[in-house]
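Q: Hi! Could you walk me through this model with me?

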Amino acid sequence: MLAEELVLKQRTKILHALCSSGSAEHLERVLDILLAQGALIWEDYQNIQVPGRTLYTNARQLLDLVYTKGVDTCGLFLHALKLVLPEAQAVGLSFSESCSNLEENDERQSTSNQTLLAQRPSLVHKLQGCVDGVLEALLDSGHFSSADCDEVRLPIYTPTQQARRLLDHVRSRGDLAASVLLQYIHQKQEPGLPLNQRELTPPKEFLKYQKKLSSSVSAQACFLSTYGGTSHMSLDDIYTDGELELAEVNAHGPLGLEDIVGLAGIVNEEADTVLVSGEAGSGKSTLLQRLHLLWARGLALQDFLLLFPFSCRRLNSEHNELSVQELLFQHCCWPDRNQEEIFQFILDHPHQILFTFDGLDELKQSFTDEHRVCCPTQRAPVHVLLFNLIQGSLMKGVQKVVTSRSEAVSPLLKKHLRKEVVLKGFSPAGIDCFVRKHHRDPTVAAKVLESMQANTALLGLCHSPVLCWIVSQCHKELLGCGEGSPKTITDVYLMILQHFLQHQSPLKSTMGLGWLQEHLKTVLLLGQLAFEGIRSTCYIFSGTDLEACGVTEKDICMVFLIKSKDMSSTHSKCYEFSHVTLQCFFAALFIVLSSNTNRSVIPKLFELENMRETGLTRVCFGACLPSSDQQQQASEKESKAAETPNLQITAMFVSGLLSQRHQNLWLHCCPSAAVEKKARQVAKCLSKGIQKHFRSIPQPVQGEKKSMHAMPDFVWLIKCLYEMQESQIAKDAMSKLEVDHLKLTYCNIGPVECTALAYVLQHLRNPVGLQLDNNSVGDVGVEQLLPCMHICNSLYLRNNNITDEGIRKLIAKVIQCDSFQKIALFNNKLTDACMQDFSYLLKTKQVFISLRLGNNNITAEGATQLAEGLKVNQTLAYLGLWGNRIGDAGTEALASSLEKSNSLVWLSLVGNGVGSAGACALANLIRKSTSLQELWLRNNDLSLEDVEEMKQLESRLIF
Ligand code: ADP
């Protein structure tokens with residue numbers, strides 16, 4: 001089909017793919033490419049990007065224009081779209097083979113302004129992190145005024161939008177301004193110039209080494225290890241983009257893989273280490289694996305000549321002191337010749353070298369910057385080398401990417417970070433995409449997706465890639481279980497246990513509950529191995545370790561244990577659990593089933609205490625455990641931080657396994673009395689743990705509300721309560737909580753945590769304000785929260801990736817909740833499409849007090865719809881629309897609807913493109929309103945006269 005036809009036929013789909021996220025980033029990136037290719041001229045661009053118009057209208061305008069320009073432009077457009085859209089959003093779109101190729105626009109660019117245009121996509125990328133610097137240079141050179149700078153820096157813009165606004169402004173200031181910008185970028189880029197711009201001729205031996213390293217990296221990275229024992233899934237076939245976000249900067253635009261080492265979001269220019277953090281199973285190792293593969297194939301990170309991948313798990317078993325040179329060559333790739341020359345080249349070109357360290361949280365020692373090593377040939381224990389590399393005291397200039405679970409990242413480590421990127425797992429579209437890739441048969445995929453969607457608790461769990469994998473893997477069990485479909489994380493892991501045990505059983509006889517009994521011996525052996533491993537921070541097991549626990553070849557065949565990958569292949573035949581969470585699950589099974597564990601294991605587990613001295617005699621892990629008592633004490637102290645996340649996961653599984661719902665499973669496997677006793681112990685520990693949190697709530701200052709700021713462990717206890725699924729225990733725990741405000745900001749709350757929170761919080765006795773700002777709640781999380789909305793009087797969900805879809809469901813619920821009065825949704829992905837819902841909320845709920853919708857994508861159209869609700873509402877006191885694009889028309893609609901309000905005391909329209917017409921309407925509002933006390937209007941297009949006029953009416957009011 002011709003490109004023109006494709007554009008026309010897929011118009012609706014393309015519009016949806018470009019605009020449905022509410023972010024303008026995709027559209028703007030397509031425009032960048034088309035401008036650079038010369039497919040659009042500057043005037044076209046200005047006709048498309050009309051300020052104050054909706055995203056959809058702009059995108060429609062682009063489609064019209066591209067279509068009228070003919071087949072070549074349509075081809076370029078489709079190609080640009082393919083490059084820009086994340087895989088999940090491109091599903092179902094056809095880009096045709098006839099798409100034109102995007103080539104470097106190497107037409108001679110005779111002016112700097114032409115260069116700005118031709119290199120626009122890469123300039124937008126390069127400008128991130130240095131917009132302020134360029135603005136300063138332009139200010140110094142007199143090309144920009146401070147008002148120009150303010151306009152570029154407007155907080156409504158994301159970092160990429162700021163970069164584009166900067167380019168647009170520079171263009172309008174002429175060629176000299178453009179050359180200032182280009183010069184700045186050139187200087188900034190000097191150390192890391194891309195390969196093709198560099199005068200660099202590495203020695204021949206180096207090139208040979210590079211080839212050897214990249215083929216070794218490629219071989220290690222092309223298969224996904226979890227599938228090692230089950231099916232041969234290549235990374236290319238299964239890899240699905242996860243959601244990546246900057247931890248520090250609020251950026252709307254989705255981050256791509258290359259942005260991890262890119263300029264976006266740098267918080268410390270001096271540091272060389274980027275941290276990718278995320279929950280267990282969120283896909284951190286897989287993401288690194290993908291980066292390795294793309295580098296080895298020459299498809300990404302081509303600014304780096306060498307990439308050295310390390311696994312902290314494997315570094316744990318390196319007991320010799322090494323130098324950096326030995327670390328690189330022995331652990332990654334051995335040079336056949338000229339080691340010294342190759343290493344010297346690495347030392348001379350640090351900016352072209354990348355190290356990756358997977359699983360810093362699995363390293364036995366916690367990060368410290370106490371021991372200094374600066375010389376790359378000096379030997380030191382491997383963890384000391386690693387910490388010095390991270391700090392940059394060793395191999396300064398070499399970029400390092402480190403992954404770790406979020407809870408294991410200490411403030412000390414944060415001090416040394418260039419930036420932190422958070423991997424949030426799959427988006428809803430990502431789940432869809434993953435399941436379709438996992439099941440090649442589209443009917444099976446559709447059925448699996450349908451059954452996931454029918455169970456929102458399960459769907460919430462599937463945001464975690466590891467759980468999504470398990471659920472997809474066990475699709476037969478999932479589709480066959482009807483009513484009993486899994487709800488908790490423990491349910492999902494029990495499903496995979498049953499799946500693999502029954503697959504292994506030659507008779508496939510035991511379909512009922514007997515499956516566990518039949519394989520009890522294996523489960524206990526693997527359980528003991530896992531348990532001992534968790535207690536000693538050991539994740540890789542040698543043949544001797546297995547033997548010591550009595551694990552045989554047959555047990556190994558069970559896929560729960562896989563052969564450990566090791567690049568240097570010095571450790572023959574080592575094994576590890578196919579995922580660390582699976583090790584925790586087996587450890588929990590052991591705690592529940594074994595009669596050998598000490599009575600204090602459960603209390604110690606819930607107090608997250610070191611369990612090393614308890615219980616079983618140490619039978620194995622000679623390599624993992626130090627010998628002398630003194631050493632042991634030191635190592636216990638050091639490894640505490642690394643253990644905590646795994647102890648928490650294990651405790652969560654113990655709670656789930658001891659739930660009343662699963663008691664039948666254990667019937668013929670261990671004495672019921674013992675299991676019941678353990679269940680009582682867990683219930684007691686949970687209740688004690690929660691009480692401890694309540695006791696820490698300070699008495700409120702007079703006149704203020706009693707507020708509890710939850711510690712991270714609180715969310716973990718809530719998750720344990722959910723896993724137990726005993727509503728009486730949850731009820732008892734919550735009945736003692738007496739607060740007015742529950743603050744859970746920056747607590748890594750995603751859909752899974754929302755399900756648990758709603759399950760537990762619904763038992764609160766009095767309504768609370770629930771503050772969940774700066775988490776990853778998303779639309780699915782919002783849906784999970786609905787069951788506890790009746791105990792909420794205010795809901796704070798700032799910066800949580802929520803779209804119109806989530807709002808629609810939320811509002812349908814909260815209009816039935818009597819106490820619900822306030823909502824804050826600053827910095828989400830809301831568009832005009834949900835303003836009707838808010839309007840309905842305002843009309844229906846005449847107790848509603850505060851609506852804060854700052855930094856979303858609301859335009860005049862949305863404001864007009866909102867105004868309909870405002871006309872009728874008599875209670876709203878606070879309305880925040882800071883950083884939207886409502887313009888004059890929106891302001892007029894709002895102002896006229898608020899004239900009769902007796903309740904509104906505070907209104908913010910900061911940064912909304914309000915001009916004289918809007919000011920005039922606001923002046924009218926000031927004249928007529930009897931209640932308004934504050935009106936915030938900074939960063940608009942108001943003239944001095946507009947402001948003066950309004951101030952004359954009421955000067956105390958305008959800010
Ligand atoms: P983490 O390192 O964060 O604990 P992993 O990368 O080990 O998580 O992911 C666990 C499992 O989840 C993988 O083995 C794989 O099955 C699945 N998975 C994770 N990320 C992806 C992805 N981006 N695409 C496809 N599958 C993934």
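This is a predicted model: local features need pLDDT of at least 70, side-chain atom pairs count only at pLDDT 80 or more; totals for chains, interfaces and linings use all residues.

Q: Okay, which side chain does D369 meet in a salt bridge?

A: That's K415, at 3.8 Å from N to O; a salt bridge here is a side-chain nitrogen of Lys or Arg within 4 Å of a carboxyl oxygen of Asp or Glu. The two sit in distant parts of the chain, 46 residues apart: D369 is in the loop between β4 and α20, and K415 is in the loop between α21 (411–414) and β6 (417–423). Helices (H or I, at least four residues) and strands (E, at least two) are DSSP runs, numbered from the N terminus.

Q: And is K415 buried or exposed?

A: Exposed, at 53% relative accessibility.

Q: What does E326 pair with?

A: With R379, and the closest N and O atoms are 2.4 Å apart. E326 lies in helix α18 (residues 324–331) and R379 in the loop between β4 (353–358) and α20 (382–391), so this pair ties together parts that are 53 residues apart in sequence. E326 is buried, at 17% relative accessible area.

Q: What about E420?

A: Its side chain meets K414 in a salt bridge of 3.3 Å, N to O. E420 is buried at 9%, whereas K414 is partly exposed at 40%.

Q: How many salt bridges are there in the whole structure?

A: A search finds 38. There is also a network of them linking E25, E28, D32, R120, R164, R165 and D168.

Q: Switching topic: what's the strand order in the open sheet?

A: The 9 strands run β9-β10-β11-β12-β13-β14-β15-β16-β17, with parallel pairing; two strands pair if DSSP finds at least two bridges between them. β9 (707–709) and β17 (934–936) are at the edges with a single partner strand each, so one side of each has no neighbour in the sheet.

Q: Which strand is β9 joined to?

A: β10 (residues 741–743), running parallel, through 3 bridges. Among the bridge partners, S707 goes with H741 in β10.

Definitions and conventions:
Residues are numbered from 1 along each chain as its sequence is written. Side-chain values use heavy atoms; hydrogens and water are left out. Buried means under 20% relative accessible area, exposed over 50%, partly exposed in between (1.4 Å probe, protein chains only).
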